[in-house]
Amino acid sequence: MSVSIRLVEGAKDLHTFIHLPARIHAGHANWMPPLYSDQKAFFDPVKNKSFSYCDTALFLALKNGEPRGRIMGIVHHPYNREHQEKTVRFAHLDCFDDHEVCRALLDAVEQWGREKGMNRVIGPFGFSGREPQGLLVEGFDKQPIMVTVCNLPYLPRFVEQCGYSKLTDCMDYLIDIHKDIPEIYPKIWERVNRNTQFRLVEFTKTREMKPYIVPVFELINR
């Protein structure tokens, strides 16, 4: 049964794209469903300004007319200009246990990227590093940490079989703060306390945080 690829166009396709992982991960105890209102806002070019400076494409893979996988392609023009790259990113990759579907999805992004003049593919990687990135390769028995990926074990194997290789390892750590505070933490705290340029600000009311909100996000952007 051959795989067909469909470009997401219109509200019905977008609804399928957003809700497909719930079907893929049915019975997957450690999968954490997203907030669908957040997902709708994220994929709305009016609400998500990242769409204004990136080229994007959403694809669905179908077998016998049934959605079996999804992927997003991103050309991040500001990043490419700054780093003098011609990179297309793939993101939000998910599919049922079917290598043919995964291959078709990656092929779709690769072809789309070539048509945009790109010569390199990286992923899973979204608009920024503040989104979930990469693939889970260990710890499938552990509960996921928020803003991290939670794919099924076959997915990284499929991606590697399609010719991709690891760029870097990203690590998550679970620490019992009552027992296992890393030795370096108290040293950092002592060093910060000796630096008169730092000052600890604590809040008792939400409104007290307001003057710091914009400066903090400006710092994150920088």
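Me: Which residue stands opposite Arg120 in β5?

Reply: Thr87 does. Keep in mind that this is a predicted model. The general idea comes before the case. Strands of a sheet pair through backbone hydrogen bonds, either parallel or antiparallel. Here, β4 and β5 run parallel, joined by three bridges. Strand β4 spans residues 87–95, and β5 spans residues 120–122.

Me: How many bridges join β3 to β4, and do they run parallel or antiparallel?

Reply: Five bridges join them, and the two strands run antiparallel. Strand β3 covers residues 66–76.

Me: What is the strand order in the open sheet?

Reply: The order is β1-β2-β3-β4-β5, five strands with mixed pairing. β1 (3–7) and β5 stand at the edges. Each has a single partner strand, so one side of each lacks a neighbour in the sheet. From one strand to the next, the twist averages 30°.

Me: Which helix packs on the sheet, and which strands are touched?

Reply: Helix α4 packs there, touching β1, β2 (54–63), β3, β4 and β5. The direction of α4 makes about 155° with that of β4.

Me: Is β4 mostly covered or mostly exposed?

Reply: Mostly covered: eight of the nine residues of β4 are buried.

Me: What unit do β4, α4 and β5 make?

Reply: They make a β-α-β unit, and the unit is right-handed. Helix α4 takes up residues 99–115.

Me: How should I read the packing of α4 and α5?

Reply: Start with the general idea. Two packed helices are described by the angle between their axes and the distance between the axes. For α4 and α5 (residues 154–161), the axes come within 9 Å and cross at roughly 55°. The crossing of α4 past α5 is right-handed.

Me: Which residues of α4 and α5 meet?

Reply: From α4, His99, Cys102 and Leu106 take part. They meet Leu155, Phe158, Val159 and Gln161 of α5.

Me: Where is Gln39, and is Gln39 buried or exposed?

Reply: Gln39 lies in helix α2, residues 36–42. The cut-off for buried is under 20% relative accessible area. Gln39 has 15%, so Gln39 is buried.

Me: Which residues is Gln39 in contact with, leaving aside neighbours within four places in sequence?

Reply: With those neighbours left aside, Gln39 is in contact with Ile18, Pro34 and Arg70.

Key:
Residues numbered from 1 in each chain as written. Predicted model: local features only at pLDDT ≥ 70, side-chain atom pairs only at ≥ 80, totals over all residues. Heavy atoms only, no water. Buried < 20%, exposed > 50% of the residue type's maximum accessible area, 1.4 Å probe, protein only. Helix = DSSP H or I, 4+ residues; strand = E, 2+ residues; numbered from the N terminus. Pairing = 2+ DSSP bridges. Right-handed = clockwise from strand over helix to strand, strands pointing away. Axes fitted to C-alpha atoms, helices over the stretch in contact; angles between N-to-C directions. Left-handed = near helix turned anticlockwise from the far one by under 90°. Contact = heavy atoms within 4.5 Å.
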